[in-house]
Amino acid sequence: MRQGFKEMDNFKHRNDCRICGGSDFFKILDLGEMPPANAFLKKEDLDKPELKFPLVLYFCRKCGLVQLLDIVNPKVLFGGQYDYLTSASKPLVEHFREMAGELVRKFVESQDDLALEIGGNDGTLLHEMKNRCRVLNIDPAVNMTELSQKRGVPSISRFFSSETAEEILKEYGMAKVIVANNVTAHIDDIKDVFKGVEALLSDDGVFVFEAHWVGNLIGDGGFDQIYHEHLSYYSLTALKYLIGQFGLKIFDVELVPVHGESLRVYVGKNREVGSEVGNFLTREKEMGLDKEAAYADFSEKVLKNKKDAVGLLSDIKKNGKKIIGYGAPAKGNTLLNYFGITGETLDFITDTTPTKQGLYTPGSHIPVYPPEKLFEAKPDYLLLLAWNYADAIIKKEAGFREKGGKFIIPVPEVKIV
Ligand code: DWN
Ligand code: ZN
């Protein structure tokens, strides 16, 4: 029995693909047993047993979906205090403000239209739409829906499913716009979500969702986007297989520079399919995203990334230099635990999220402090755990570099800038 968890309550292993039901998998990468990436700890919990689960990535040879088959109970991951706050990252707030404006311009025709967001977190996006149409946020994290309500966004603290979709349909009617950003990768029974979307979406409605693109995971992004919350790592190819099982079709797609690179996928019932969809599917075929060889290369790159990064950090420490972690993202915890980085290497980490400050990182037990603490410590290096915001952060911390400070970008190859 692994440390501190019961097979039935917290965790299960599935043997079939969540999109196509196939059971012929290629094992891409085994990152070992890890605590949930957003399970930050209070000081008094540091010496208690921590829930840890296998973190193994697979490729389905039938439909091409890259996925985890070890499923942590969503109540363990999202049901309690969820410490991720969209509005803690200014670049992300800007991104969703722009997205909201685009959705209103392109798809909202009347004040009476309903815009539903699945997993709307603290209401950042819907807040920008609420004066133009009816809005509704459905998110299981109570601490998030409380924040969202306070911003004037009506919210329901539930998991979205075909069942909750029927309840929403009865109370609010059909939806003109449904949004789900960084959510579709988090849901094991994703087919039930699309069943709910199909029931709720009006005939001329649009379902727009953003999800991290597997082409970025194995390309310019980093392996650290692999954690238990992310059950699926989508290609458009795999999404087409999934969505083709419903009365829905992908009619447009674009790549947006968020969380590395994410797919923004537009789905409707009878909209004309644009040329971008075919072009993108061709691009994925040329990259070999529908074949296991691409993912075998990726796991080789991850092993080299670990060796080089651990070597660089230990050389810096041997030279008596001080390194502070910048940002305490969920992905940072995959990286810290897989690289075996502890308080021996990083004195502490800073983060703008109030609910993360004063806590410790899961597994590695490194303290997280407010950003103000950063320069008291006079670091020589900042390890950019939130590397996906590197440009904005390096600009914001220009003063640190002017005084000779350096940034370490850890993935996909470690480098000092
Ligand atoms: O799917 C998910 C992804 C998309 O977002 C969720 N599972 C949770 C979350 O993952 P993440 O925590 O890796 O996301 P971020 O947005 O990369 O997290 C950035 C972290 O860095 C936040 O905790 C805020 C912090 N931050 C900071 O301290 N200073 C961010 C910026 C921009 C900064 O300047
Ligand atoms: Zn499959």
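Which of the 25 residues around ligand 1 come nearest? They are Tyr 84, Glu 229, Lys 331, Asp 351 and Tyr 389. Before I go on, please keep in mind that this is a predicted model.

I'll take the ligand first. Glu 229 places a polar side-chain atom 2.4 Å from a nitrogen atom of ligand 1. On its own, ligand 1 has 710 Å² of accessible area, and the protein covers 96% of that. Two elements give two or more residues to the shell, namely α12 (330-339) and α13 (390-396).

As for the make-up of that shell, 11 residues are nonpolar, 9 are polar and 5 are charged. Where does ligand 1 lie relative to the domains? It lies between domain 1 (1-318) and domain 2 (319-416), because both give residues to its shell.

Now the metal. Ligand 2 is a zinc ion, coordinated by the SG atoms of Cys 17, Cys 20, Cys 60 and Cys 63 at 2.2 to 2.3 Å. The 4 donor atoms subtend angles of 98 to 115 degrees, so the arrangement is tetrahedral. For reference, the ideal angle for four tetrahedral donors is 109.5 degrees. The donor spacing in sequence reads C-x2-C-x39-C-x2-C. Cys 20 sits in the loop between β1 (11-13) and β2 (25-34), and Cys 63 in the loop between β3 (53-60) and β4 (66-68), so this pair ties together parts 43 residues apart in sequence.

Note on methods. Residues numbered from 1 in each chain as written. Chains lettered and ligands numbered in written order. Predicted model: local features only at pLDDT ≥ 70, side-chain atom pairs only at ≥ 80, totals over all residues. Heavy atoms only, no water. Near = heavy atom within 4 Å. Polar contact = N/O pair within 3.5 Å; in protein donor to acceptor, adjacent residues only side chain to side chain. Areas by Shrake-Rupley, 256 points an atom, 1.4 Å probe, with all protein chains shown as cover. Helix = DSSP H or I, 4+ residues; strand = E, 2+ residues; numbered from the N terminus. Nonpolar A, V, L, I, M, F, W, Y, C, P; charged D, E, K, R; others polar. Domains from an automatic or database assignment. Donors = N, O, S within 2.8 Å, 3.2 Å for Na, K, Ca; no water. Tetrahedral: all angles 85-135°; square planar, octahedral: opposite > 155°, others 65-115°.
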